Amino acid sequence: MNQMEKKKLLRYIQEVGFAIDDIVLYLDTHPCDEEALQYYSKYKKLYHEAAKEYTKYYGPLQNENVMVDGRWTWVEGPWPWEGGC
């Protein structure tokens, strides 16, 4: 994957994350809304799939995405302030 695809994927993750944040606020006041719960489940799945793909090619976005293969990989690769994101 190239830099443009990396930026597109990161942008997609941000957009899906925003949708999740938004629906969570709604669910805080409407916890039994079935349609909203389905929307949340759909976007949560999309977020995790995209984050998994990003992690596979570019490294973890968050410490919960670290793949442990006998070492702590969170510190590998550039940090966000070094152009990592």
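At the start of helix H2, a side-chain oxygen of Asp33 comes to within 3.0 Å of the backbone nitrogen of Glu35. A contact of this kind is also present at the start of H1, where a side-chain oxygen of Asn2 lies within 3.0 Å of the backbone nitrogen of Met4. Beyond the other end of H2, Gly59, located just after the helix, adopts a positive phi of about 105°. These features are those of a predicted model.

The secondary structure of the protein consists of two helices and zero strands. H1 contains 27 residues and spans 40 Å from its first C-alpha to its last, close to the 39 Å expected at 1.5 Å a residue. H2 contains 25 residues, and the span between its first and last C-alpha is 36 Å, close to the expected 36 Å. Of the 85 residues in the protein, 26% are buried. The protein exposes about 6500 Å², of which carbon and sulfur atoms supply 54%. When contacts between residues at least 6 apart in sequence are considered, 51% join residues at least 24 apart.

The two helices were next examined through their buried residues. In H1, the buried positions are Lys6, Leu9, Leu10, Ile13, Val16, Gly17, Ala19, Ile20, Ile23 and Leu27, and H2 is included in what covers them. In H2, Ala36, Tyr43, Tyr47, Ala50, Ala51, Tyr54 and Thr55 are buried, and the buried residues of this helix pack against H1.

In soluble globular proteins, nonpolar side chains tend to be buried together. The largest nonpolar core of the present model comprises 11 residues, namely Leu9, Leu10, Ile13, Val16, Ala19, Ile20, Tyr43, Tyr47, Ala50, Ala51 and Tyr54. Helix H1 (3-29) and helix H2 (34-58) are the elements that give two or more residues to this core. The greatest contribution is that of H1, with six residues.

Lys6 is situated in helix H1 and counts as buried because its relative accessibility, 10%, falls under the 20% limit. The C-alpha atom of Lys6 is separated by 7.6 Å from that of Tyr54, although the two residues are 48 residues apart along the chain. Phe18 is likewise found in helix H1, but its relative accessible area of 59% is over the 50% limit, and Phe18 is therefore classed as exposed. Phe18 and Tyr43 are 25 residues apart in sequence, with a C-alpha to C-alpha distance of 9.8 Å.

The structure holds three aromatic pairs. One of these is formed by Tyr54 and Tyr58, whose rings are 5.0 Å apart centre to centre, with 50° between the planes, a tilted arrangement. Both residues lie in helix H2, where Tyr54 and Tyr58 are four residues apart, about one turn of the helix. The accessibility of the two partners was also computed. Tyr54 is buried, because its relative accessibility of 2% is under the 20% limit. Tyr58, by contrast, has a relative accessible area of 23% and is therefore partly exposed, a value between the 20% and 50% limits. Ring pairs link Tyr54, Tyr57 and Tyr58 into a cluster.

Notes: Residues numbered from 1 in each chain as written. Predicted model: local features only at pLDDT ≥ 70, side-chain atom pairs only at ≥ 80, totals over all residues. Heavy atoms only, no water. Core = buried A, V, L, I, M, F, W, Y, C linked by side-chain atoms within 4.5 Å. Buried < 20%, exposed > 50% of the residue type's maximum accessible area, 1.4 Å probe, protein only. Contact = heavy atoms within 4.5 Å. Areas by Shrake-Rupley, 256 points an atom, 1.4 Å probe, with all protein chains shown as cover. Expected span 1.5 Å × (residues − 1). Polar contact = N/O pair within 3.5 Å; in protein donor to acceptor, adjacent residues only side chain to side chain. Phe/Tyr/Trp six-rings, centres within 6.5 Å; stacked < 30°, edge-to-face > 60°.
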